[in-house]
Amino acid sequence: MKFAWIDLRTVPEAHREAVVDAAVHARLAGVVSDDPALLDALPPTVTRVLVAPEAVDSPHLVAVTVDDRDRLDRLTASAAFVRVRDDRTLKLACAAAVRLEHTVVEFADPTKIPLEIVIAAADGAAGRLVTVVADLEEAAIVLDVLEHGSDGVLLAPRDAADVFALARLLEVTTPPLALTTLTVEGIEHNGLGDRVCVDTCSHFREDEGILVGSYASGFILCCSETHPLPYMPTRPFRVNAGALHSYVLGPDNRTNYLSELRSGSAVLAVDSEGRTRRLTVGRAKLESRPLLTITAHSPEGVVVSLTVQDDWHVRVLGPGGKVRNVTELCRGDELLGHLATEQRHVGIPIGEFCRET
C-alpha cells in the first residue's frame, strides 16, 4: 500500500495545527518534524518521524541525515534522510534503501531517472522508500515511477486542503468489477457505418480489454489486439471497440460515447477476472467499415447489444479469457460482460426510467 508523510518543518505556524488535524483525520501514515515536542503531542496511530543530525534516544522513528558511506555504515538508527545531488549521493541512497527500514530521499534535480535507479536498486528489499515531493502533481508522478513507484511520499503542505488532496490521491485505485457470462442470441450484419479503434498509452495484457455496449444496462468485454493476427502485426495498445454511438466504461463508473474519446481521455482496462486499471487514451480512430451487431443475454435475461466492425480480426473475450472472433460467433456461444444497474445521463449513473432498444 502506498502511503504519505506530512513534513511540518516548513509549514507556517499559522497553518500547523490545521495541517496536523487534517493529517490525523485523513489517516495519513506519518508526520515528520525536527521538533520532538511537536511529535509528542500526536496520537500513537500516526508514525512520528524525527529528523535529526545524529541518532538520538527517542520514542519516535528517528531519520538521521546521512551524507557519506562511512556515516551510513555506522548508523544505528533504522531510518535515514539522504539528499541526492550527484552520483556519489545517488549510490548512497541506493545503499540505504537496500539496508534500512525507511529511507527518505530528496532529489536535487527534477528528472526522475535517479529515483528510477533507487527503486530498481531496492527492488526486493524489505525497507520502504519515501520520496520528498514539491507538490501534489509531483506526488502523483512519483507514486507511479517504473510502474512500482516510491513506497511513500513526503510533502510539506501549504495548508489543510493539500493534506486532504494528498489523501484522495492515495485512494485513486480502480475497484474490481463483477463480470457475468452472456449467451449469444444472434448476429446481424448491418452494412457500412463508423467504428472507433481506441489506442491507449499502455500495453494490454492478453486477457484484458475494455467494456463496450450499445445499452447503458450492459457491456461486452472487447479484446485488445495483443494476440497474433494474419497479415498484420499485433498492436497490444489497441482495442477495435465498436460503433461510434457505443458506451465505453471508464473510471468512477462513468461512461463516454466512443465518439467522445480524445487523446488524454481515460478508459478502464478490465481483465477476465474483473480486475481493472485506469488507462490513458493516446488516440481514437474513427473510420467507416462494415458493421455487425451482437445480441446476447445474461442469466437474468438482461439483453446486451454491441455493434462492431464486421471483420474476422475483431475479437471479444469469453469465460476464462477465451478469444472469440466476432464473425465466427454463433447462437449459444458464451461471452464475458458486465451488467449495470443504473441508466446514464451525460455518462453519469442516474436512477431514472429509460428504455433502450
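Analyst: Searching the whole structure turns up 18 salt bridges, where a salt bridge is a side-chain nitrogen of Lys or Arg within 4 Å of a carboxyl oxygen of Asp or Glu. Before the details, a word on the source: this is a predicted model, so local features need pLDDT of at least 70 and side-chain atom pairs count only at pLDDT 80 or more, while totals for chains, interfaces and linings use all residues. Residues are numbered from 1 along each chain as its sequence is written, and side-chain values use heavy atoms, with hydrogens and water left out.

Let's start around helix H3. Glu 54 pairs with Arg 71, and their closest N and O atoms are 3.4 Å apart. Glu 54 sits in the loop between strand S3 (47-52) and strand S4 (61-65), while Arg 71 belongs to helix H3 (residues 69-73), so this bridge ties together parts that are 17 residues apart in sequence. (Helices and strands here are DSSP runs numbered from the N terminus: H or I with at least four residues for helices, E with at least two for strands.) As for cover, Glu 54 is partly exposed at 46% relative accessibility, whereas Arg 71 is buried at 17%. The cut-offs are under 20% relative accessible area for buried, over 50% for exposed and in between for partly exposed, using a 1.4 Å probe and protein chains only.

Zooming out to the charges, the protein has 35 positive and 51 negative ones, and their mean positions are 3 Å apart. In that count Lys and Arg are positive and Asp and Glu negative, with His and the chain ends not counted; each charge is placed at NZ of Lys, CZ of Arg, CG of Asp or CD of Glu. For context, the protein has seven helices and 22 strands, and buried residues make up 49% of its 357 residues.
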